[in-house]
Amino acid sequence: MTLRELGWTEADAAAFAAQHSGRGLSPARVVRTSKHAYHVAGDDGIRVARVGGGYRHQASCPSEFPAVGDWAAVRPKADTEEMVIASLLPRRSAICRQAIGGSGRGRKIVPQVLAANVDFAFVVAALDGGRGFNLRRLERYLTLVREGGVEPVVLLNKADLCDDTASPSAKAQTVSGGAPVHVVSADSGTGIASLEEAYLSRGRTLVLLGPSGVGKSSIINCLLGHEAQQVGAVRDSDARGTHTTTWSEIRALPGGAVLIDTPGMREVIPWADPVAVADTFPEIREIAAGCRFADCAHQAEPGCAVRAAVDSGQLAAERFESFLKLRDEAENAGRQLARERSKREGTRAVRVRREKRRRWEKR
């Protein structure tokens with residue numbers, strides 16, 4: 001895969017030249033990540049890479065380390081075949097979820113980047129009658145994607161195993177917040193051609209998101225035109241899928257787009273703000289305009305139009321409860337981020353004072 005095939009544009013080249021001219025660095029894209037190393041691809045092929053010492057020292061949280069889809073500035077590591085990642089180009093989008101970082105008393109909620117520099121996200125659910133079709137989980141994925149600055153597209157896969165696809169499609173549209181919903185079958189090829197025409201043009205980057213067992217690997221094989229991904233069976237005992245993808249990885253598609261495959265996630269807690277949550281629940285935002293108070297939390301406030309809509313049946317109680325839970329999680333993430341930012345700024349101020357004192361004592 002060349003840089004062009006990986007989505008490198010003239011704008012990327014100009015940004016790279018402005019930031020790294022004369023430093024002996026070359027551009028590459030992070031195409032795979034593991035616990036301690038990365039795989040980066042450039043015009044000279046795919047190489048193993050590790051972050052440099054200066055980079056590691058300056059990174060303040062896991063989300064600042066490279067993720068699949070990142071554009072990196074790299075240089076060869078002396079006497080090895082490996083590369084050193086010196087820095088990243090600014091991300092134009094980043095899909096993040098909440099994760100637990102640290103250990104012991106230092107454990108805290110941190111953002112984990114699932115994919116960077118993505119144009120469209122295929123959020124996959126399954127129509128096979130198992131656990132792959134869940135509206136509440138779909139809402140979470142849509143919030144996750146929108147917060148990252150990425151356009152979501154809902155794929156209802158395994159249409160060949162469903163006698164009535166109209167009903168689940170209509171239900172998905174009620175929670176999609178305006179995102180397009182496509183009914184497809186990776187096994188029969190139904191609906192795949194329309195995806196290629198609408199979203200897979202040259203230079204675009206897409207990501208597949210969804211729980212195990214919804215057929216993400218089968219969709220990749222269908223788009224590639226050959227079996228590149230192992231496909232696992234759904235367990236009969238609990239209708240859960242098995243993890244056939246255990247890491248994130250970029251694959252080049254025949255039409256010129258690139259696709260990021262991600263492992264199935266059992267738990268999806270978006271790293272999002274309340275605005276992204278509201279975008280996933282546009283009907284609640286519209287109803288809330290009729291609340292007596294502009295800052296109504298839709299709890300016990302008098303004159304709450306949202307609560308009244310739930311009581312009258314205009315708004316489904318399950319939809320409202322999902323909104324409240326996601327909003328609380330988003331606000332919790334925001335408080336956590338503010339605390340960490342304040343802590344970092346305080347630590348930085350202490351370092352500055354110590355450095356000033358050290359210079360003064362040297363005089």
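**Pocket, cores and cysteines in a predicted model**

Strand S6 (94-101) and strand S7 each put at least two residues into the lining of the largest pocket. S7 supplies the largest share of the lining, five residues. The space inside the pocket comes to about 730 Å³. In total, 29 residues line the pocket, and the closest to its centre are Thr33, Ser34, Pro66, Gln112 and Val113.

Next, the inside of the protein. In soluble globular proteins, nonpolar side chains tend to be buried together. Here, the largest nonpolar core has 40 residues, and Ile95, Val207 and Leu209 are the ones with the most contacts inside it. H3 gives the most, with six residues.

Leaving aside residues up to four places away in sequence, Leu209 touches Ile95, Leu114, Ala121, Phe122, Val123, Val124, Tyr141, Leu144, Val145, Lys216, Thr262 and Met265. There is also a second, separate core of 22 residues, which includes Phe122, Val124, Ile220 and Leu259.

Helix H4 deserves a look of its own. Its buried residues are Pro168, Ser169, Ala172 and Val175. Seen down the axis of H4, these buried residues fall within an arc of 125°, so they line one face of the helix. The face of H4 turned away from that buried side carries the exposed residues Ala166 and Thr174. After H4 comes Gly177, which has a positive phi, near 65°.

Finally, the cysteines. A disulfide is a covalent bond between the sulfur atoms of two cysteines. How many disulfides does the structure hold? The count is zero. Is Cys296 buried or exposed? Cys296 is buried, with a relative accessible area of 11%. Cys96 is buried as well, with a relative accessible area of 12%. Both values count as buried because the cut-off is under 20% relative accessible area.

Notes. Residues numbered from 1 in each chain as written. Predicted model: local features only at pLDDT ≥ 70, side-chain atom pairs only at ≥ 80, totals over all residues. Heavy atoms only, no water. Core = buried A, V, L, I, M, F, W, Y, C linked by side-chain atoms within 4.5 Å. Buried < 20%, exposed > 50% of the residue type's maximum accessible area, 1.4 Å probe, protein only. Helix = DSSP H or I, 4+ residues; strand = E, 2+ residues; numbered from the N terminus. Contact = heavy atoms within 4.5 Å. Arc of directions from axis to C-beta. Disulfide = S-S within 2.5 Å. 1 Å grid on protein atoms, 1.4 Å probe; cavity = no way out; pocket = protein on both sides within 12 Å on 5 of 7 lines; lining within 4 Å. Points joined across faces, edges and corners; volume = space filled by probe spheres on them.
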